[in-house]
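Visitor: I've got a few questions about this one. Can we go through them quickly?

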Amino acid sequence: MKKILLLTVVFFALIQAIQTDKTAQKVDVNLEVEASGEVMDILEKSCYDCHSQKTKWPTYSYIAPISWVVSSNVKNGRKALDFSKWANIDKKIKIERIERMKKLINNSMMPKSGYLVFHPEAELNKDKIKILENWIVTELKK
C-alpha cells in the first residue's frame with residue numbers, strides 16, 4: 001500500500017512538469033467588444049475567462065491534470081468566440097456566433113457547469129439573460 005501511495009505521489013509530482021500554454025495575445029482595445037457597462041459586467045464575469053484574451057488564471061489552473069482541462073476549455077472558447085477580437089470577426093460569422101451564444105445561454109449550457117462550480121458569480125440568472133438577449137438583438141441589427 002505504501003508503494004502505491006508513493007508511486008501516486010511521484011506520478012502526481014512528475015505531471016506537474018507538463019504545463020500548458022497560458023499566454024494571451026495583446027489586446028487591442030479598438031477591437032474589443034463594446035457594450036453598455038451592464039452588459040460588459042456580465043460578459044466579463046461570465047464569459048471573458050474562456051472567450052477573451054483577458055483570462056484570469058486561478059491557482060488550480062496551474063495544477064495538472066486540472067490545468068490541462070482548463071487550458072483546453074480556454075483554447076476552445078477563444079476559438080469559438082473571442083470578445084477581444086470582436087471588431088475583426090466577419091459579420092456573417094459574428095451573427096452565427098451570437099445566435100449560438102443566445103441558444104447556449106437560454107439552454108443553460110453557458111457558462112459551463114464545471115466553470116460555475118469554481119465561479120458561482122458567473123451564473124446567468126433570468127435578468128442577466130434578458131440583458132444579454134437585448135444586447136444580442138442590438139448586435140444582430142448592426
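Visitor: Which hand does the crossing of α2 and α7 have?
Guide: Left-handed. Bear in mind that this is a predicted model.

Visitor: At what angle do α2 and α7 pack, and how far apart are their axes?
Guide: The angle is about 115 degrees. The axes of α2, residues 37-46, and α7 are 10 Å apart.

Visitor: So what do you call that arrangement of α2 and α7?
Guide: Roughly perpendicular. Angles of 65 to 115 degrees count as such, so α2 and α7 get that label.

Visitor: Which residues meet there, between α2 and α7?
Guide: From α2, they are E38, V39, I42 and L43. From α7, they are K128, I131, L132 and W135.

Visitor: And by class, what is in the contact of α2 with α7?
Guide: Six nonpolar residues and two charged ones.

Visitor: Now α5. How does α5 pack with α7, in angle and axis distance?
Guide: Helix α5 covers residues 91-106. It packs with α7 at about 165 degrees, and the axes are 10 Å apart.

Visitor: What is the hand of the α5 and α7 crossing?
Guide: Left-handed.

Visitor: Which residues meet between α5 and α7?
Guide: On the α5 side: K94, I95, I98, E99, M101, K102, I105 and N106. On the α7 side: I129, L132, E133, W135, I136, E139 and L140.

Visitor: How do the residues of the α5 contact with α7 divide by class?
Guide: Nine are nonpolar, one is polar and five are charged.

Visitor: Change of topic. Where is H119?
Guide: In the loop between α6 and α7. Helix α6 is 113-118, and α7 is 126-141.

Visitor: Is H119 buried or exposed?
Guide: Buried. Its relative accessible area is 12%, and the cut-off for buried is under 20%.

Visitor: What does H119 touch, leaving aside neighbours within four places in sequence?
Guide: D49 and Y60. With Y60, there is a side chain to side chain polar contact at 2.9 Å.

Visitor: On to backbone geometry. Which residues does a cis peptide bond join, with omega of about 5 degrees?
Guide: A64 and P65. P65 is in the loop between α3, 48-51, and α4, 66-80.

Visitor: And which residues are joined by the cis bond with omega of about -10 degrees?
Guide: M110 and P111. P111 lies in the loop between α5 and α6.

Visitor: Why flag these bonds?
Guide: Because most peptide bonds are trans.

Visitor: What about phi at S108?
Guide: It is positive, about 55 degrees, although S108 is not a glycine. Most residues other than glycine have a negative phi.

Visitor: Where is S108, and is it buried or exposed?
Guide: S108 sits in the loop between α5 and α6. It is exposed, at 63% relative accessible area.

Visitor: Back to A64. How far apart are L14 and A64, in sequence and in space?
Guide: They are 50 residues apart in sequence. In space, the C-alpha to C-alpha distance is 9.4 Å.

Visitor: Where does L14 sit, and is it buried or exposed?
Guide: L14 is in helix α1, residues 2-15. It is exposed, with a relative accessible area of 58%.

Conventions. Residues are numbered from 1 along each chain as its sequence is written. This is a predicted model: local features need pLDDT of at least 70, side-chain atom pairs count only at pLDDT 80 or more; totals for chains, interfaces and linings use all residues. Side-chain values use heavy atoms; hydrogens and water are left out. Helices (H or I, at least four residues) and strands (E, at least two) are DSSP runs, numbered from the N terminus. Buried means under 20% relative accessible area, exposed over 50%, partly exposed in between (1.4 Å probe, protein chains only). A polar contact is a pair of N or O atoms within 3.5 Å; within protein, one must be able to donate a hydrogen and the other to accept it, and residues adjacent in sequence count only if both atoms are side-chain atoms. Contact means heavy atoms within 4.5 Å. Axes are lines fitted to C-alpha atoms, for helices over the stretch in contact, and angles run from 0 to 180 degrees between N-to-C directions. Angles under 35 degrees count as roughly parallel, over 145 as roughly antiparallel, 65 to 115 as roughly perpendicular and the rest as oblique. A crossing is left-handed if the near helix is turned anticlockwise from the far one by less than a right angle, and right-handed if clockwise. Ala, Val, Leu, Ile, Met, Phe, Trp, Tyr, Cys and Pro count as nonpolar, Asp, Glu, Lys and Arg as charged, and the others, Gly among them, as polar.
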